[in-house]
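Reader: I would like to go through this structure feature by feature. Please give the general idea where one is needed, then the case at hand.

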Amino acid sequence: MRDTRKLQQTAREIRKSILIATTEAGSGHPGGSLSSVEILTALYFDIMRVDPDNPRWDGRDRFVLSKGHAAPVLYATLAERGFFSKDLLLTLRRLGSPLQGHPDMNRTPGVDASTGSLGQGLSFACGLALGARLDGKGWRVYAVVGDGESEEGQIWEAAMFAAHYGLSNLTVFHDWNGLQIDGPCELVMNPYPLDAKWSAFGWNVLVIDGHDFGQVFEAADKARACTDKPTVIIARTVKGKGVSFMENQAQWHGKAASKEQLVEALAGIEKGGVSGGA
Amino acid sequence: MKATRQAYGETLVELGRENPDVVVLDADLSASTMTRMFGKAFPDRFFNVGIAEQNLMSVAGGLAAAGKTVFASTFAIFATGRAFDQVRVSIAHNRLDVKIAATHSGLTVGEDGASHQALEDIALMRVLPNMTVVVPADATEAAQAVRAAAAQPGPFYIRLGRPPVPMLFGPEYRFVLGRATVLRQGTGVVVFATGHMVAVALEAAGILWGEGISAGVVNVSTIKPLDVETIVAAAKRCGAAVTVEEHSIIGGLGSAVAEALCENFPVPLVRVGVRDVFGESGKPAELLKAYGLSADGVVNACREVTKRK
């Protein structure tokens, strides 16, 4: 049995780290980081085989944050998991820091793919998955793609590729938080419906509440059981999840909280303002 | 006569036999890029991504991150223009072991015209950190350059051509990565040439010697890292220089040589290449002549530049 209460506490710590790091940096992307917290927590604290003491262990599962601007959630999760000290989070986006504005596989322990230019991460994940299969290796590849990101044509080039070559060792979380920089996705450039698109491209499609650990685990188990096609887990999420004044507000896509707002946000998270699932 | 792309296809098959980690990707042009030869020999290690060059480059990066030596092929303009950001972010920035072997570069694509004639690709790849840029002059050099790229980890851009071109080098020739080769010593003017234009430069030098102008020829097959030492030494010896390339005079060999000479030993210089215009349809030989990329064009440039000494 998984201890979801413990994971919920971990997720709260990761949320706090995201907010502290971005406020300390004075910039960054809290909104889309907060929407992916349960997904990354479930991956790094349960689903994925990783070794924080040996970040480049060949047998590890790989993770690609295709929506690279959500770097704060990746760094906060890696720090929480013990890949590096949480103190390092305070150097986010500073000159000389290993924690770049967008993920850099050559600078940060635990980062498997450099991303930031949207649409490329999923293709990169396809290459990793194909490489694992060529060598008969059992490690799996997980990727998180944004819903706004799926306006990039390259996402659908990669979707075609993964299905064509039956990359069943690839699992994608499509973070359906509904917002992009300029506003609601359906108003900026409607990428929906997501499930019908992925189905038409030949993927195994699952739709879940992306903040419910039980649903995340159940979907990941189903993805592992599917051996003939890649799986996409469309995760309904809330942008800015866990911070009352950030939730569902596009303006918090790429803006850090002020010091005063941070105090309010941290207090809200401490009070258990996050549902974190059933 | 043999096309550099033909040598590429043959060498890939040899590499596939020697190294099980060599994987080849193509974007629906495998008959033209000659990667089909590898695909037939090693179907388990050949992947067609379809007409999707962005995906081609990022998948190549992922495969390299999984430990593979990846050759990714398509036409030069699609590899470098259409997928520039993917080459930059998914490959070059990460220093991943991807060899972009692009065919159908330059005007000699011929009848397909401007959309398919890459005249900017050297500039686009040369500007990227971590990228090594190689432009073989003939099939012998192409085969050896492909081998050199496979042997050295990291991103490469290998510029290959469509038409059969004269064999300049015999089997005894040894390509050395990063080394420009003096093919003909001169004292009056030196012609720095790359790719298909090396043969043209040699022809031009022959004509100039007949006129009493001592013209040297240097094959600059590695554009990056540039062999500044050899280039400066030749400029010192001759006191005047011409560059010739099947590429825009902006950003390619001409620019690279101008940068090196201006910083080290400025001499009068004329750049022969496509003069900031797009190409058009025509037969390869007709196009080269029309755009001044013929022996006559190089001879005229040499006469002009020696007057400025």
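This is a predicted model: local features need pLDDT of at least 70, side-chain atom pairs count only at pLDDT 80 or more; totals for chains, interfaces and linings use all residues.

Reader: Now chain B. How many helices and strands does chain B have?

Author: Chain B has 13 helices and 12 strands. Its radius of gyration is 19 Å, close to the 19 Å that the globule rule gives for 309 residues, so chain B is as compact as a globular protein of that length. The C-alpha trace of chain B spans about 60 × 35 × 35 Å along its principal axes. As for burial, 60% of the 309 residues of chain B count as buried. Taking contacts in chain B between residues at least 6 apart in sequence, 80% join residues at least 24 apart.

Reader: Which domains does the assignment give for chain B?

Author: The domain assignment gives domain 1 (4-159) and domain 2 (181-307) of chain B. Their C-alpha centres lie 26 Å apart. The contact between them takes 23 residues from domain 1 of chain B and 29 residues from domain 2 of chain B. On the domain 1 side, α7 (121-126), β5 (132-134) and α8 (139-151) of chain B each supply at least two residues. By class, that side has 12 nonpolar, 6 polar and 5 charged residues.

Reader: How should I read the two faces of a strand?

Author: In a regular strand the side chains alternate between the two faces of the sheet. Take strand β3 of chain B, residues 69-73, as the case: 5 of its 5 residues are buried, so β3(B) is largely enclosed by the rest of the structure. B:Thr69, B:Phe71 and B:Ser73 are on one side of β3(B), B:Val70 and B:Ala72 are on the other, and all are buried, so that both faces are covered.

Reader: Which residue is the bridge partner of B:Leu25 in β3(B)?

Author: The partner of B:Leu25 in β3(B) is B:Ala72. Strand β1 of chain B, residues 22-26, pairs with β3(B) in the parallel sense over 5 bridges. B:Ala72 also has B:Ile100 as its bridge partner in β4(B). Strand β4 of chain B, residues 98-102, pairs with β3(B) in the parallel sense over 3 bridges.

Reader: What is the strand order in the open sheet of chain B that contains β7?

Author: That sheet has 5 strands in the order β7-β9-β8-β11-β12 in chain B, and the pairing is mixed. β7 (181-184) and β12 (269-274) of chain B stand at its edges with a single partner strand each, so one side of each is left without a neighbour in the sheet. Neighbouring strands here are turned by 25 degrees against each other on average, direction ignored. Within the sheet, strand β8 (residues 189-193) and strand β11 (residues 241-248) of chain B pair in the parallel sense over 4 bridges. B:Phe192 stands opposite B:Thr243 in β11(B). Helix α11 of chain B, residues 253-264, lies across β8, β11 and β12 of chain B and runs at about 145 degrees to β11(B).

Definitions and conventions. Residues are numbered from 1 along each chain as its sequence is written. Chains are lettered from A and ligands numbered from 1 in the order in which they are written. The radius of gyration is taken over C-alpha atoms; the globule rule is 2.2 Å times the number of residues to the power 0.38. A residue is buried if 20 or more other C-beta atoms lie within 10 Å of its own, exposed if 12 or fewer, and partly exposed in between; C-beta atoms are placed from the backbone. Two residues are in contact if their C-beta atoms, placed from the backbone, lie within 7 Å. Domain bounds come from an automatic or database domain assignment. Ala, Val, Leu, Ile, Met, Phe, Trp, Tyr, Cys and Pro count as nonpolar, Asp, Glu, Lys and Arg as charged, and the others, Gly among them, as polar. Two strands pair if DSSP finds at least two bridges between them. Axes are lines fitted to C-alpha atoms, for helices over the stretch in contact, and angles run from 0 to 180 degrees between N-to-C directions.
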